[in-house]
Amino acid sequence: MSLKLGILGATGKVGGELLKLLEQWSPSELDLAEPPRLFGTSRSAGKKIKFNSVKFPNTEITVQDSQPENLKGLDVLISCANGEVSEKLTPEAIRLGVKLVVDTDSFYRMDPEVPLVTVGANDEDIDWHKGIIAGPNCSTAQLIIPLKVLNDAFGIKRVVVNTYQSVSGAGKAAMDELMSQSKRVQESYEQSAGLQQIRVAEDQFAFNVIPKISKFLDNGYTKEEWKVITESRKMLHSPELKITCTAVRVPVLVGHSESINIEFLSSFNLNQVISVLKSSPEIQVWDHPEMYPMPVDAAGTNPIHVGRIRIDESAPNAINIWVVADNLLIGAALNAIRLVVKASERGKI
Ligand SMILES: NC(=O)c1ccc[n+]([C@@H]2O[C@H](COP(=O)([O-])OP(=O)(O)OC[C@H]3O[C@@H](n4cnc5c(N)ncnc54)[C@H](OP(=O)(O)O)[C@@H]3O)[C@@H](O)[C@H]2O)c1
């Protein structure tokens, strides 16, 4: 099926990755009827973006203002702007005839009328969409695929996740802020005999570790941590899943890391765990005892990297794993494109 596809938020970090993926994607897997149509704020409207694919070589696309009427004629819209935009423009897009909106924002994720899908974990939920499919939070996306295969094999009793999240999880402005803060810390360090603190409006990204991502909720968790918990339960169809999370921002540009402790209902041996993880086409297992994945390895790559796989000797039937992935790809852009491809294959566009 040949599709007319638009990207809302095309000038942002996720939008940029989407464009790069669309340039590489083979037309036999995802056939575009025309170059993708790009939308942003009125600030970006008129900007020209180069697009070079096999079907549309050396093309220049002009970014359009995201007025609803500009979305007319599209089959699919990938929305990667923010919650306010999702709330306002998604219903408009559907009213104007867009057959599927894939939304990477959190706005629709927990809506019971909207499937929340990570391709490779719960593709079957694509089938009941009513116009919108939500993609998960970046830290949930790389967690859910290992959890899914391990849950199917051994049954999960409890999960403890600690995240180490890069600043690109908060978009382009946060990456620019980390770089500018880093320069200022360096100057301050040279001038003030080692001081590494600088004046910033919020918590300092550079040379710091921040145990708070997004705002605090009444129960003491942050919104980010609560997303990991509730989204995992929804995608695993396990509303009672015992799972807890501490989400931490670290001064990394791209690539989220997670230390995950999982207790199983049944017994297992380490070789079985490794072969179950290897059975997932989305996972790359690092099972050499002295090798371990890091964000610098994962950034720009498509797999979810799983390493440091070991028995937790403090509890029966438990393991520790270390999971690293490119948050812009696995956590947003790659999943969004895979959702379009899967929905098309399943006759749901
Ligand atoms: N970053 C991640 O790792 C990640 C992972 C999962 C999901 N997401 C979700 O993906 C979305 C985009 O994230 P990002 O990191 O790419 O953010 P970003 O770099 O800040 O980009 C935001 C994009 O949204 C556009 N935009 C903002 N307000 C708009 C409006 N009123 N109308 C139309 N376009 C508007 C911006 O356009 P201008 O350039 O014109 O301002 C820009 O293209 C967010 O909803 C985020 O929650 C991000």
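V76 touches L3, K4, L5, G6, V98, L100, V340 and I349, leaving aside residues up to four places away in sequence; contact here means heavy atoms within 4.5 Å. V76 sits in strand β8 (residues 76-79). Helices (H or I, at least four residues) and strands (E, at least two) are DSSP runs, numbered from the N terminus. With a relative accessible area of 0%, V76 is buried, where buried means under 20% relative accessible area, exposed over 50%, and partly exposed in between (1.4 Å probe, protein chains only). V76 and K99 are 23 residues apart in sequence, while their C-alpha atoms lie 6.0 Å apart in space.

A word on the model: it is predicted, so local features need pLDDT of at least 70 and side-chain atom pairs count only at pLDDT 80 or more, whereas totals for chains, interfaces and linings use all residues. Residues are numbered from 1 along each chain as its sequence is written, and side-chain values use heavy atoms, with hydrogens and water left out.

Now to the helices. Two packed helices are described by the angle between their axes and the distance between the axes. Axes are lines fitted to C-alpha atoms, for helices over the stretch in contact, and angles run from 0 to 180 degrees between N-to-C directions.

| Helix pair | Axes come within | Crossing angle |
|---|---|---|
| α3 (residues 138-154) and α5 (residues 223-235) | 9 Å | roughly 40 degrees |
| α3 and α6 (residues 270-278) | 9 Å | roughly 130 degrees |

That angle makes α3 oblique to α6; angles under 35 degrees count as roughly parallel, over 145 as roughly antiparallel, 65 to 115 as roughly perpendicular and the rest as oblique. The crossing of α3 and α6 is right-handed, meaning that the near helix is turned clockwise from the far one by less than a right angle. P146, V149, L150, A153 and F154 of α3 make this contact with Q272, V273, V276 and L277 of α6. By class, the contact has eight nonpolar, one polar and no charged residues.

α3 and α5 are oblique to each other too, and α3 passes α5 in a right-handed crossing. Here S139, T140, L143 and I144 in α3 meet E224, K227, V228, E231, S232 and M235 in α5.

Finally, the cysteines. How many disulfides does the structure hold? There are zero, a disulfide being a pair of cysteine sulfur atoms within 2.5 Å. The sulfur of C80 is 13 Å from the closest cysteine sulfur, in C138, so it is too far for a bond.

Definitions and conventions:
Nonpolar A, V, L, I, M, F, W, Y, C, P; charged D, E, K, R; others polar.
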